[in-house]
Amino acid sequence: RKLRHRRFAQRSPFFSLPGSEVGVRTCDSHKAGMLLTATLLENMGSILSGLIYPDLAVASMNDGVDVCAGALAKTKRCYDAVSAATSAASLFGLIGAICSLFCIPIVGSAADHFGRRPLLIFSFICSKVPTLTLLCVAYADVSIYYFFAALMITAMVPSSMLFWFWINDCTTPDERVRMFGRLSALTNLEGIATPLFVILVHGKHAVILLACVRLAAVLTVICFVPESRPPASLRSSLCANGRLAFLSRWQGVSKLCSDKSLRIFLPLAFVAAGKGAGINAIALFFCKAKFGLTKETFAPYVSVGTVSNAIVQLILIHPLSRMMGLRGLFAFSLVAGSVNCILYALVPSPGWLYLLAGLSGLANVGVPAIQALMSNLSESVPGMTPGVALGALQAVQSLIMILIPPVFQAIFAIAAREHVLLSLPFLVAAAGNLICLVVLLCLPKSYFPHSE
């Protein structure tokens, strides 16, 4: 058996044998580069979509007129339009979160059974549906509600989970913190340039740019990204113990939660990360209603924020992880997140947003640690393949990451409709971070044997 394993490892581009009898997974540089290219293109599409759709949503609610642009901000009509747009986004986002609860575990099992590549292609094709609807909103006056409905499809087949599977197949546990840190940094580096394209490509033409980027992403996956799993491991784990796929994955979550430390630590990590997604979901709507910003005037703040995040992930993540440990990284990110949210709530003018964007990277210092922890845990669940275990954890995280943004959008919609404190979602996020921090600091280190 060892000889067969050695021969397979020598043939496989994903394995190397540095003088040992057990294959050590390493990423082939060319194949990893192709996955990285696809990741960058998909992330570029997500950035463009997040910048483009709020303007179109507000205009779609008012017969094609952006009633929040420039001097129209802080008016009743603007508040009502922003409230209607975020209410619709919240409703469809909540429905998508419920659907993802059942779909994501099945997608994870299908990735184990059929391979990562077919599911990546399917996921990338699904992400083009919202882009097509956004084109129709911009050029055919179709209702923005179709776009919100199409976003539910991408929530059911998340490409981020499949990226994690691919990396998990090609790396060893001790490589993943640095690998995810670099991936996060490189993914965010293109966020420096992408918002500048929005400034150069005015109005509805930005949607055409978005469509071209999305098309390039799916063609890259189809033509260049290979399968990461060995052929012998495919078609072996669509269902576990004769149960439906999603039931087997939630059974894996139950096994993980039997560990007392993980039962407390993982919800803290997921909720803390989810609040960041919630703030991002309402940031442009908040700036439209308060300062009259559009996608062109808001884009520079996104560039500064991604520069901050890239610097943190490339330079600070490794020394901080060695000095503080995983637990300390989470505590640091919670404090930074709370401070940033409070400052955001009190910001008096758009110029101050540059400072806040520059500090925003500190709040994301714990993200690679969460990804690495999940990947490492997925390989130690008895009776489950890594894909099934990682799919169970990803199902919980994706549900939270999909559910929290609609909650923040609903809070903001209520605040805008009632013409009260627009910064209420930021204060809620700051309070949530502080509560998580208190809980984290009250727990003894013995609760976190997997986090140090």
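This dialogue reads a few features of a predicted model.

Reader: Where should I start? What is the largest nonpolar core made of?

Author: A nonpolar core is a set of buried nonpolar residues joined through side-chain atoms. Here the largest one has 86 residues. Leu120, Leu134, Phe148, Phe298, Tyr344 and Leu353 have the most contacts inside it. Helix H2, residues 29-60, gives the largest share of this core, 13 residues. A second, separate core has 9 residues, including Leu268 and Phe330.

Reader: Which residues is Phe148 in contact with, leaving aside its neighbours within four places in sequence?

Author: Phe148 is in contact with Tyr53, Ala57, Ala85, Ala88, Ala89 and Phe92.

Reader: Is Ser90 buried or exposed?

Author: Buried means under 20% relative accessible area. Ser90 has 10% relative accessibility, so Ser90 counts as buried. Ser90 is found in helix H3, residues 76-114.

Reader: What does Ser90 touch, not counting residues up to four places away in sequence?

Author: Ser90 touches Pro406, Gln409 and Ala410. Look at Gln409. Ser90 and Gln409 are 319 residues apart along the chain. Yet their C-alpha atoms are separated by 5.5 Å.

Reader: Now the surface. Which residues form a nonpolar patch there?

Author: Val335, Val339, Leu343, Trp352, Leu355 and Leu359 form the patch. Together they have about 510 Å² of accessible area. Helices H12 (295-346) and H13 (353-359) each give two or more residues to the patch. The largest share, 3 residues, comes from H12.

Reader: Why does Val339 count as partly exposed?

Author: Partly exposed lies between buried, under 20%, and exposed, over 50%. Val339 has 44% relative accessibility, so Val339 counts as partly exposed. Val339 is found in helix H12.

Methods:
Residues are numbered from 1 along each chain as its sequence is written. This is a predicted model: local features need pLDDT of at least 70, side-chain atom pairs count only at pLDDT 80 or more; totals for chains, interfaces and linings use all residues. Side-chain values use heavy atoms; hydrogens and water are left out. Patches are made of residues with over 30% relative accessible area and no salt bridge: like charges are joined within 9 Å, nonpolar side chains (Val, Leu, Ile, Met, Phe, Trp, Tyr) within 5 Å. Accessible areas come from the Shrake-Rupley method with a 1.4 Å probe; for residues, only the protein chains shown count as cover. A salt bridge is a side-chain nitrogen of Lys or Arg within 4 Å of a carboxyl oxygen of Asp or Glu. Helices (H or I, at least four residues) and strands (E, at least two) are DSSP runs, numbered from the N terminus. Buried means under 20% relative accessible area, exposed over 50%, partly exposed in between (1.4 Å probe, protein chains only). A nonpolar core is a set of buried Ala, Val, Leu, Ile, Met, Phe, Trp, Tyr and Cys residues joined through side-chain atoms within 4.5 Å. Contact means heavy atoms within 4.5 Å.
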